[in-house]
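Here is a short report on some local features of one protein model. Look over the sequence and the structure first, then read on.

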Amino acid sequence: MGRLFRWAVFLALIGGIVFWVTTIPETVSEEELASLSSDAAAGESVFNASGCASCHKAPKAEDDAKLTLAGGQSFPSPFGTFKAPNISSDPEHGIGGWSQAEFVTAVLKGTSPEGQHYFPAFPYTTYNKMTLQDAVNLHAYMQTLPADATPNQPHDVGFPFNIRRNLGGWKFLFLKDDWVLQTDDPQLVRGRYLVEAMGHCAECHTARNQLGGLDTSAWMQGAPDPSGKGRVPAITPDKLGWNAADIAEYLTSGFTPEFDTAGGHMVDVIENTAKLTEEDRDAIAAYLLAL
């Protein structure tokens, strides 16, 4: 019995060490960014493609007020309700005091400046495919936006999902940097980058498993709304039934071929995609039709 106990303790110790090492938060160093120069103008395009204002604007913000990224919107899910944080340029309540490396680490690795894992309600799960250059440019642009001193609100997430270290295990299982659509076509490569990396479309349009990981076998085939009410539609060619011009027009004006208009969260998405170039909207359309 004593030998069994010692073996149990030994295996538990080994398991604990493996868990601790596996779940260490990853970071991006200043050295990795040293050769890159930032471009705030280019960062504005990244900002729009990534939909930052859609989640981080203050509730009910309109027009230019949407660029004051005070946070506060609620996002319900099966794991609890997440509150979008303040990511304005305020140095105390926002991200104005973050270094370039801390910002890039948050966006690409899902790790906070304090070295904690972010919840994957923040779509670093797809932003992790973004290039270092685009992340650096995004940081430069966001530093030009207004500061706001609104304090962050705590998430309403219960045990055991509120244990941040466990998210390292979640990342180990589900944080992937490979592409779903395999292609060498230049237009499709651009569309893939806009959809699978910056636009994070799959975060809403793809179903998840019991632990919240995206089910890539059901890519863009629709999913239950995280709020528990309704369903996010499929946007694969067989379900959508639109041609490339229809998709590009929808991403520009919000009008469907059936003369309906975008509603719900898609209103914010359309506001972002309308600011992209015509070539980028065409690339997104080509990508969706290639699925």
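## What covers helix H5

In this predicted model, helix H2 (30-33), helix H6 (124-127) and helix H7 (132-142) are among the elements that cover the buried residues of H5. H5 itself spans residues 100-109 and is mostly covered. Seven of its ten residues are buried. They are Ala101, Phe103, Val104, Thr105, Ala106, Val107 and Leu108.

Look just past the end of H5. There, glycine 110 takes a positive phi of about 70°.

## A buried lysine

Now move to the loop between H6 and H7, where lysine 129 sits. Lysine 129 is buried, yet it has no salt bridge. Which side chain of opposite charge is nearest to lysine 129? That is glutamate 196, at 5.3 Å. A salt bridge needs the charged atoms within 4 Å.

Beyond its neighbours within four places in sequence, lysine 129 is in contact with Lys176, Asp177, Asp178, Trp179, Tyr193, Glu196 and Ala197.

## Two helices that cross

Two packed helices are described by an angle and a distance between their axes. Helix H9 (residues 186-198) packs against helix H14 (residues 278-290) at about 90°, and the axes lie 7 Å apart. H9 is therefore roughly perpendicular to H14.

On the H9 side, the contact is made by Gln187, Leu188, Arg190, Gly191, Arg192, Leu194, Val195 and Glu196. H14 brings Asp280, Asp282, Ala283, Ile284, Ala286, Tyr287 and Ala290. By class, the contact has eight nonpolar, two polar and five charged residues.

Note on methods:
Residues are numbered from 1 along each chain as its sequence is written. This is a predicted model: local features need pLDDT of at least 70, side-chain atom pairs count only at pLDDT 80 or more; totals for chains, interfaces and linings use all residues. Side-chain values use heavy atoms; hydrogens and water are left out. Axes are lines fitted to C-alpha atoms, for helices over the stretch in contact, and angles run from 0 to 180 degrees between N-to-C directions. Helices (H or I, at least four residues) and strands (E, at least two) are DSSP runs, numbered from the N terminus. Angles under 35 degrees count as roughly parallel, over 145 as roughly antiparallel, 65 to 115 as roughly perpendicular and the rest as oblique. Contact means heavy atoms within 4.5 Å. Ala, Val, Leu, Ile, Met, Phe, Trp, Tyr, Cys and Pro count as nonpolar, Asp, Glu, Lys and Arg as charged, and the others, Gly among them, as polar. Buried means under 20% relative accessible area, exposed over 50%, partly exposed in between (1.4 Å probe, protein chains only). Lys and Arg count as positive and Asp and Glu as negative; His and the chain ends are not counted.
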